[in-house]
Amino acid sequence: MDFQSLITHNPFLTYLMSGALGGIIGGLLLLLIQTTLKQGVAYQYKKKLKDFNHQYDEKLASFNEQIAIQAEYRKLDFDRKIHDFSLYSSKRHELYPALFKQIHQLEHILRVADDTSFIHLDNVTSKDQILPLIKKIARLSNFKPLEMAIDEEIISGIQEFDPNEHPDWNIFLGILKDLLINNIWMEIFKDIRLLDVFVSDNVLYFSEDVISKVTDISDDLKTISIGRHKISNQERESIRRKMQRNINELRLMIKKELTVGDYSPLEKEL
């Protein structure tokens, strides 16, 4: 009896063989299912990973693009601010010396105007000598307000003077000198007003400390010029000393600002 016949005629062996075959088939099916499931999961994972990478690449590209745009914008904005600040700084370096020059000249003019003894008219013997002498004194003393003080009223007063009608020559010269001095102070006041206008026109370029200091100086200049008849000599000297201290402090203040520069706006933004 061969092996095939033995299996066929033996029920027990037949059962074993059929069970083993079923187990093998079941195992193969299970393996196939597991493999299929694993491949499906792997496929879904790879697909999701690919989609995620694609979205990530798109977002990264968009992010890089935004970064580049922002960087270019900031560069342009920074360049603009540097350019604007350079113009601003250059203007300040132009205006600050001009401001201090006006104040320094006004302080000098006030000191000269306080002592009008240099206007000597005592030796004049003819009205034709008066105007040339006044202009000569103004030129030699480098005192511009004196020359500016020669207005139409003074010129016509000299021209219309008649020694026969007004024999007192010295009184006439005294009146003429008083008119000159009054006009000198009017010219000085005009220069003080020009200082105020200069500061007002360029207020954006001056620091608050400088503006405050200049305002104090301007007020003292006005007090000495306009209110010269209302204050005593002692008060006048006290105001003059205070004004001189303020001018010295202003000089140091301007020197410091021009040396260091005003970078506070940029520091706040950064």
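Contact here means heavy atoms within 4.5 Å. This is a predicted model, in which local features need pLDDT of at least 70, side-chain atom pairs count only at pLDDT 80 or more, and totals for chains, interfaces and linings use all residues. Residues are numbered from 1 along each chain as its sequence is written, and side-chain values use heavy atoms, with hydrogens and water left out.

Figure 1. Helices (H or I, at least four residues) and strands (E, at least two) are DSSP runs, numbered from the N terminus. From that end, the elements run α-α-α-α-α-α-α-α-α. Among contacts between residues at least 6 apart in sequence, 76% join residues at least 24 apart. Of the 270 residues, 27% are buried; buried means under 20% relative accessible area, exposed over 50%, and partly exposed in between, with a 1.4 Å probe and protein chains only. The accessible surface comes to about 19,200 Å², and 59% of that belongs to carbon and sulfur atoms. Accessible areas come from the Shrake-Rupley method with a 1.4 Å probe; for residues, only the protein chains shown count as cover.

**Figure 2. The largest nonpolar core has 49 residues.** Such a core is a set of buried Ala, Val, Leu, Ile, Met, Phe, Trp, Tyr and Cys residues joined through side-chain atoms within 4.5 Å. Look for Leu99, Ile130, Leu146 and Phe206, the residues with the most contacts inside this core. Helix 2, helix 3 (130-141), helix 5 (152-160), helix 6, helix 7 and helix 8 each supply at least two of its residues. The largest share, 13 residues, comes from helix 6. In soluble globular proteins, nonpolar side chains tend to be buried together.

**Figure 3. Ring pairs link Tyr96, Phe198 and Phe206 into a cluster.** Rings of Phe, Tyr and Trp (its six-membered ring) pair if their centres lie within 6.5 Å; planes under 30 degrees apart count as stacked, over 60 as edge-to-face and the rest as tilted. The count by this rule is five aromatic pairs. Tyr96 and Phe206 form a tilted pair, because their ring centres are 5.2 Å apart and their planes meet at 50°. This pair links distant parts of the chain, 110 residues apart: Tyr96 sits in helix 2 (residues 11-114), and Phe206 in the loop between helix 6 (169-201) and helix 7 (208-226). Both Tyr96 and Phe206 are buried. Not counting residues up to four places away in sequence, Phe206 touches Leu95, Tyr96, Leu99, Phe198, Val199 and Ile211.

**Figure 4. Helix 3 has a buried side that includes Ile130, Ile134, Ile137 and Ala138.** These four cover an arc of only 100° around the axis, which puts them on the same side of helix 3; the arc is that of the directions from the helix axis to the C-beta atoms. Their cover includes helix 4 (144-148), helix 5 and helix 6. On the face turned away from the buried side are the exposed residues Arg139 and Leu140. Just after helix 3, Asn142 takes a positive phi of about 55°.

**Figure 5. Arg240 lies in helix 8 (residues 233-260).** With 10% relative accessibility, Arg240 counts as buried. Leaving aside its neighbours within four places in sequence, Arg240 is in contact with Glu107, Leu110, Arg111, Asp114 and Ile224.
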